[in-house]
Amino acid sequence: MRVQSSATAPTGIAVTGPPRTFGTVQAALGVAAFSLTFPATAWGLEGFGPWSLVAVRSVLAALIAGGCLLALRVAPPSRSAWPGLAVVAAGVVVGFPLLTTLALRTSTTAHAAVVVGLLPLTTALLSALRVGARPSRTFWTASLAGAAAVVAFTVQQSGGALTTADLYLFAALLVCAAGYTEGGRLARVMPGWQVIAWALVLCLPVSVPAAALALSYEPVHLTAHGVAGLLWVAAGSQFLGLVVWYRGMAAIGIPKASQLQLAQPLLTLVWSVLLLGEHLTVAAPLTAAAVLVCIAVTQRARG
């Protein structure tokens, strides 16, 4: 089986691959997988401690990724790519999962979904700084409006002051945006799925001993929810979801794929009600919708 390069995919130019309709389905499946991450993490915390959950999740995802790399006989990246992969690993593989898991010990998934709904804007801002782009005034206005909506929501929900969970979530935004930005840069020279696969493998020397240490200190209570949550965040969120997302993005282009991703925070709100029985305040869906509008404006401004 030949691995096709996605170096030209981000430009939106037609590429050889699955039909556009199938590409849309794959991108939508990726968004659906990501929207389940927070509810699955909440389930995983029923059976595992936060450090154990993150470390074991990373190990399992790395084993799946490594198996795919071996099966497809993918050659290791060039030496120049490893520093960027280290940033992806620190932000996407370790930083974001750990910080959001720590936040979800005291925060509802609905609250976290609204805050992290700011991730596309944060990524766009860091990406602009990284490549030296100069976005339009409309872009900056919409970005600041989205940030203001989320800050107002978090302060209102937290009784007038930011909680420790909020600080974890805001930190998660920054490290994940940095990882996405660097991953997007690397995806110009290597297939996107290989970026996350090699980043996961790169973490193995740290994640394996970390998992062993965490499991020795944190009690484990194996429950159906706990195991299901762990398996989903490892296989679904951290690897397979990214695979179908990158394949779909290569088929339909970033602009159309980004429009699908706008639904992610709202989908997470739905899952938080259906799977966790959370009760939403009126502010949650309203703020998520406001952020969605702001992201749509930035996408149009960038295009």
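Rings of Phe, Tyr and Trp (its six-membered ring) pair if their centres lie within 6.5 Å; planes under 30 degrees apart count as stacked, over 60 as edge-to-face and the rest as tilted. The model is predicted: local features need pLDDT of at least 70, side-chain atom pairs count only at pLDDT 80 or more, and totals for chains, interfaces and linings use all residues. Residues are numbered from 1 along each chain as its sequence is written, and side-chain values use heavy atoms, with hydrogens and water left out.

Searching the whole structure gives 2 aromatic pairs. F38 and F96 are stacked, because their ring centres are 6.4 Å apart and their planes sit at 20°. F38 belongs to helix α2 (residues 37–44) and F96 to helix α4, 58 residues apart. Helices here are DSSP runs (H or I, at least four residues), numbered from the N terminus. Both F38 and F96 are buried. Buried means under 20% relative accessible area, exposed over 50%, partly exposed in between (1.4 Å probe, protein chains only).

W82 and W198 pair edge-to-face, 5.9 Å centre to centre with 80° between the planes. W82 lies in α4 and W198 in helix α9 (residues 192–217), so this pair ties together parts 116 residues apart in sequence. W82 is partly exposed at 26% relative accessibility. W198 is buried at 11%.

Now α4 itself. This helix (residues 82–103) has 22 residues, and 16 of the 22 are buried. α4 bends by about 40° at G95, with a proline, P97, following within four residues. The bend is the angle between axes fitted to the seven residues ending at a residue and the seven starting there.

Note on methods: Helices (H or I, at least four residues) and strands (E, at least two) are DSSP runs, numbered from the N terminus. The expected span of a helix is 1.5 Å times one less than its number of residues.
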